[in-house]
Structure formats: structure tokens, C-alpha cells
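Here is a short report on one chain. Look through the sequence and the structure first, then read on.

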Amino acid sequence: MVDKTSVGSELSTVPVSRRASFNLRDSHTRRLKPFNSGDIKILLLENVSSKAVDILKKAGYQVEFHAKALDKATLIEKIKDVHAVGI
């Protein structure tokens, strides 16, 4: 059994919210930057659903689609320039 008085005193040192635990003045904290979906390149391989391709394109992503797997050398070259790969 846990002594409730000792638990209460330990919890009083924990920040109330997660936001409170981030300090903008802390040099180790990174600010999140929104991104433009048009800047994101996605490589889809092995006959991914055409509906998925359409959804990503309509969302503004740059999509490269291949119905079959790529050979090793081509795949290595292609993934250098993309942010995500879908199989």
C-alpha cells in the first residue's frame, strides 16, 4: 500500500501541464515550424492504392508513384531526394 501523504508531496513538484515543462528561454528547446506540404516529396512503390496517390496529391504533396519495386541502385538514388517512402 502507498502512503498518500508521501505521494502528494512528490506530486507537488511535477509541472501541472506539459506546456509548463517547456521553457522558451532554454537553448535546448526547438520551436516547431509549420511546413508547406508542397515542399514534401513522397515516393510510393509497389502498386500503392491510386486513391492514396490522389489524396496525397490533392493535399499538395509532391508524389512519385511506381507500380513495381525499383532495383536496388535506382531505389538508393530515388530515396536521396524524398522525405517519405510508402510501400
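Is Glu-77 buried, partly exposed or exposed? Glu-77 counts as partly exposed, because its relative accessibility is 46%. Buried means under 20% relative accessible area, exposed means over 50%, and partly exposed lies in between (1.4 Å probe, protein chains only).

## Basis of the model

This is a predicted model, in which local features need pLDDT of at least 70, side-chain atom pairs count only at pLDDT 80 or more, and totals for chains, interfaces and linings use all residues. Residues are numbered from 1 along each chain as its sequence is written, and side-chain values use heavy atoms, with hydrogens and water left out.

## Overall layout

The chain has 3 helices and 3 strands. Read from the N terminus, the elements run α-β-α-β-α-β. Helices (H or I, at least four residues) and strands (E, at least two) are DSSP runs, numbered from the N terminus.

Of the 87 residues in the chain, 14% are buried. The chain exposes about 7,800 Å². Carbon and sulfur atoms supply 55% of that area. Accessible areas come from the Shrake-Rupley method with a 1.4 Å probe, and for residues only the protein chains shown count as cover. Now take contacts between residues at least 6 apart in sequence: 39% of them join residues at least 24 apart. Contact means heavy atoms within 4.5 Å.

The 3 strands form an open sheet in the order β2-β1-β3, with parallel pairing. The edge strands are β2 and β3 (84–86), and each pairs on one side only. From one strand to the next, the twist averages 20°. Two strands pair if DSSP finds at least two bridges between them. In general, strands of a sheet pair through backbone hydrogen bonds, either parallel or antiparallel.

Strand β1 (residues 41–44) runs parallel to β3, and 3 bridges join the two. Leu-43 has Val-85 as its bridge partner in β3. Helix α2 (residues 50–58) packs on the sheet and touches β1 and β2. The direction of α2 makes about 155° with that of β2. Axes are lines fitted to C-alpha atoms, for helices over the stretch in contact, and angles run from 0 to 180 degrees between N-to-C directions.

## Salt bridges

How many salt bridges does the structure hold? There are 2. A salt bridge is a side-chain nitrogen of Lys or Arg within 4 Å of a carboxyl oxygen of Asp or Glu.

One joins the side chains of Glu-64 and Lys-78, at 2.7 Å from N to O. This pair links distant parts of the chain: Glu-64 is in strand β2 (residues 62–65) and Lys-78 is in helix α3, 14 residues apart. Glu-64 is partly exposed, because its relative accessible area is 27%. Lys-78 also counts as partly exposed, at 27% relative accessibility.

Lys-80 forms a salt bridge with Glu-77, and the closest N and O atoms are 3.6 Å apart. Lys-80 is exposed, because its relative accessible area is 57%.

## A nonpolar surface patch

Ile-79, Val-85 and Ile-87 form a nonpolar patch on the surface. Together they have about 300 Å² of accessible area. Patches are made of residues with over 30% relative accessible area and no salt bridge: like charges are joined within 9 Å, nonpolar side chains (Val, Leu, Ile, Met, Phe, Trp, Tyr) within 5 Å. Ile-79 sits in helix α3 (residues 72–79). Its relative accessibility is 39%, so Ile-79 counts as partly exposed.

## Residues in the loops

Where does Val-82 lie? Val-82 is in the loop between α3 and β3. Val-82 counts as buried, because its relative accessibility is 18%. Leaving aside residues up to four places away in sequence, Val-82 touches Lys-41 and Leu-43. Val-82 and Gln-62 are 20 residues apart along the chain, and 9.1 Å separates their C-alpha atoms.

Phe-35 lies in the loop between α1 (4–11) and β1. At 58% relative accessibility, Phe-35 counts as exposed. Not counting residues up to four places away in sequence, Phe-35 touches Ile-40 and Tyr-61.

The loop between β1 and α2 holds Glu-46 and Asn-47. Most residues other than glycine have a negative phi. Phi of Glu-46 is positive, near 60°, and Asn-47 has a positive phi of about 60°. Glu-46 is partly exposed at 43% relative accessibility, and Asn-47 is exposed at 56%.
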